[in-house]
Amino acid sequence: MQVGDLVARKDVNPITCSITEKNGRYGLIVAKYIAGTPPHECVRVWWPKSGKVYSIGIGWIEVINASR
């Protein structure tokens with residue numbers, strides 16, 4: 001995963017399904033960083049449907065189309 005990749009949120013439970021409904025299924029990675037305890041990869045994703053940017057762990061999303 002890298003900045004510019006098109007990603008989709010994985011819907012694995014009712015909470016993530018409601019978030020997807022609000023923000024849309026697809027987003028664009030705008031930043032990548034390490035955070036949390038233990039440290040793990042996170043990304044900031046711009047969700048066009050809501051027009052907002054949110055941080056999310058990479059385990060909760062999948063790459064749909066990688067940037068070149």
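Here is a short chat about how some labels in this predicted model come about.

Me: How many disulfides come out of the rule?
Reply: A disulfide needs a pair of cysteine sulfur atoms within 2.5 Å, and by that rule the count is zero.

Me: What does Cys 42 stand opposite in the sheet?
Reply: Tyr 33; Cys 42 itself is in β3. Strand β3 (residues 40-47) is joined to β2 (residues 26-35) by seven bridges, and the two run antiparallel.

Me: Why are β2 and β3 called paired strands?
Reply: Pairing takes at least two bridges. β2 and β3 have seven, so they count as paired.

Me: What makes β4 and β5 edge strands?
Reply: The open sheet runs β4-β3-β2-β1-β5. β4 (52-57) and β5 (61-65) each have a single partner strand, so one side of each has no neighbour in the sheet.

Me: Why is Val 3 called partly exposed?
Reply: The band lies between 20% and 50%, and Val 3 has 47%, so Val 3 falls inside that band. Val 3 sits in the segment before β1 (6-9).

Me: Which residues does Val 3 touch, leaving out those up to four places away in sequence?
Reply: Ile 29, Val 30, Ala 31, Lys 32 and Ser 67.

Conventions: Residues numbered from 1 in each chain as written. Predicted model: local features only at pLDDT ≥ 70, side-chain atom pairs only at ≥ 80, totals over all residues. Heavy atoms only, no water. Helix = DSSP H or I, 4+ residues; strand = E, 2+ residues; numbered from the N terminus. Buried < 20%, exposed > 50% of the residue type's maximum accessible area, 1.4 Å probe, protein only. Contact = heavy atoms within 4.5 Å.
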